[in-house]
Amino acid sequence: MSKLWKFSKMHGAGNDFVVLDGVRATLDITPERIRALADRHRGVGADQVLVVEPASRADADFRYRIFNADGSEVEHCGNGARCFVRYVHEHGLSARNPLRAEICTGVILLEEGPDGEVTVNMGSTSFLPGSLPFDASGLATRQSGEDTQWQLPLSAPGLPQGWQQPWLSVVSVSNPHTVLRVEDVETAPVEQLGPVLESHPRFARRVNVGFLQVTGPHEARLRVYERGAGETLACGSGACAAVVTGIRQGDLISPVRVQTRGGVLTITWDGQQLRMTGPAVTVYHGEIDIDRLVAQQLPAGC
């Protein structure tokens, strides 16, 4: 018997998602099914798959789960959180505004504005290496304002000249990020350096890699190589990580407009509360035979 899954295709500043309703339907989520949905050639195509479920705690309205395109479940996704709110409202799951969403690290607050933009209170932020976790033992350090940077020697072949020992900032925005300062994001070695750092053994749960260019006290440009997804057109939590890093280094002042390849995100941070505002767009709705889709995927390595 076929199993039809209803879904919505959505994006936040070009960071695209398949969104599933786990409130009104029982979904058997497996890595194989996530990979099949996210496949851009034989599936729907997405950076991440988002699942809305009933909350398991009294202080939340819904539970919100995030799966990368490679099938791995992760802690948080800022752009996805905005789409989560739009999905809940459009599908009549709740009219509450703001909404409280349960993620694996706690509860975040999300509010849809009259202009259609959504603001997300991004939850806990930590600059301690252990919060990612990141093994910083034995690495050289330097201070940049209030920010600590670590120099990480890399032995991967083919890295551009000057990037064999990059200086990294690390920050957890309920998920792990490292931020590198660059002169120009367009010429930054995202494709070469991103995968090397994402899977570096010093990052126990892998890491999202941000390349930050400061263009003014309230303006920045950003590219992010996301774990399990590669470079995306935008990364909401990555924009937050980059901005708080730039503020701590003394080069950015809240609020900050972050230009990503997919659009603009606005980040505010007062040293405690970290908020992100940006678009959430529904592209289309559909349904798919999930088991047939999985059966049509090519084996790994083909």
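Leaving aside its neighbours within four places in sequence, which residues is Lys9 in contact with? In this predicted model, the residues that Lys9 touches are Asp16, Phe17, Val18, Val44, Gly45, Val281, Thr282, Val283 and Tyr284.

Lys9 belongs to strand E1, which covers residues 4-12. Lys9 counts as buried because its relative accessibility is 11%, and buried means under 20%. The side chain of Lys9 comes to 3.1 Å from the backbone oxygen of Gly45. Leu20 lies 11 residues from Lys9 in sequence, and their C-alpha atoms are 9.3 Å apart.

One of the contacts of Lys9 is Tyr284, a residue of strand E19 (residues 281-289). Tyr284 is partly exposed, because its relative accessibility is 37%. Together with Val281 and Val283, Tyr284 makes up a nonpolar patch on the surface, and the accessible area of the three is about 240 Å².

## Cores and helix H1

The largest nonpolar core contains 50 residues. Val52, Tyr64, Phe84, Leu110, Val120, Ile267 and Leu274 have the most contacts inside this core. Another core, of 23 residues, lies apart from the largest one and has Ala136, Leu152, Trp163 and Phe203 among its members.

When neighbours within four places in sequence are left aside, the contacts of Val52 include Val19, Leu20, Asp21, Gly22 and Val23. Phe62, Arg63, Phe84, Tyr87, Val88 and Leu93 are also in contact with Val52.

Helix H1 spans residues 31-38, and its buried residues are Arg33, Ile34, Ala36, Leu37 and Ala38. These buried residues pack against strands E1, E2 (15-21), E3 (48-54), E4 (62-68) and E19, and against helix H5 (290-295).

## Asp21

Where is Asp21 placed? Asp21 is in strand E2. The residue is buried because its relative accessible area is 11%. A polar atom of the Asp21 side chain is 2.8 Å from the backbone nitrogen of Val23. The side chain of Asp21 also makes a polar contact of 2.9 Å with the side chain of Arg24. Beyond four places in sequence, Asp21 is in contact with Leu27, Val52, Tyr87 and Leu93.

## Salt bridges

The model has 27 salt bridges.

| Pair | Closest N to O distance |
|---|---|
| Arg33 and Asp28 | 3.7 Å |
| Asp147 and Arg248 | 3.9 Å |

In the pair of Arg33 and Asp28, Arg33 is buried because its relative accessible area is 10%. Asp28 is partly exposed because its relative accessibility is 46%.

## Backbone features

Most residues other than glycine have a negative phi, and most peptide bonds are trans. Some places in this model depart from that pattern.

A cis peptide bond lies between Asn97 and Pro98, with omega about 10°. Pro98 sits in the loop between helix H2 (78-90) and strand E6 (99-103). Ser254 and Pro255 are also joined by a cis peptide bond, with omega about 0°. The loop that holds Pro255 runs between H4 and strand E16 (256-259).

Ala13 is not a glycine, yet its phi is positive, at about 60°. Ala13 is part of the loop between E1 and E2. Is Ala13 buried or exposed? Ala13 is buried, because its relative accessible area is 2%.

Ser174, also not a glycine, has a positive phi of about 65°. Its place is the loop between strand E11 (167-172) and strand E12 (176-181). Ser174 counts as buried because its relative accessibility is 6%.

Conventions. Residues are numbered from 1 along each chain as its sequence is written. This is a predicted model: local features need pLDDT of at least 70, side-chain atom pairs count only at pLDDT 80 or more; totals for chains, interfaces and linings use all residues. Side-chain values use heavy atoms; hydrogens and water are left out. Patches are made of residues with over 30% relative accessible area and no salt bridge: like charges are joined within 9 Å, nonpolar side chains (Val, Leu, Ile, Met, Phe, Trp, Tyr) within 5 Å. Accessible areas come from the Shrake-Rupley method with a 1.4 Å probe; for residues, only the protein chains shown count as cover. A salt bridge is a side-chain nitrogen of Lys or Arg within 4 Å of a carboxyl oxygen of Asp or Glu. Helices (H or I, at least four residues) and strands (E, at least two) are DSSP runs, numbered from the N terminus. Buried means under 20% relative accessible area, exposed over 50%, partly exposed in between (1.4 Å probe, protein chains only). Contact means heavy atoms within 4.5 Å. A polar contact is a pair of N or O atoms within 3.5 Å; within protein, one must be able to donate a hydrogen and the other to accept it, and residues adjacent in sequence count only if both atoms are side-chain atoms. A nonpolar core is a set of buried Ala, Val, Leu, Ile, Met, Phe, Trp, Tyr and Cys residues joined through side-chain atoms within 4.5 Å.
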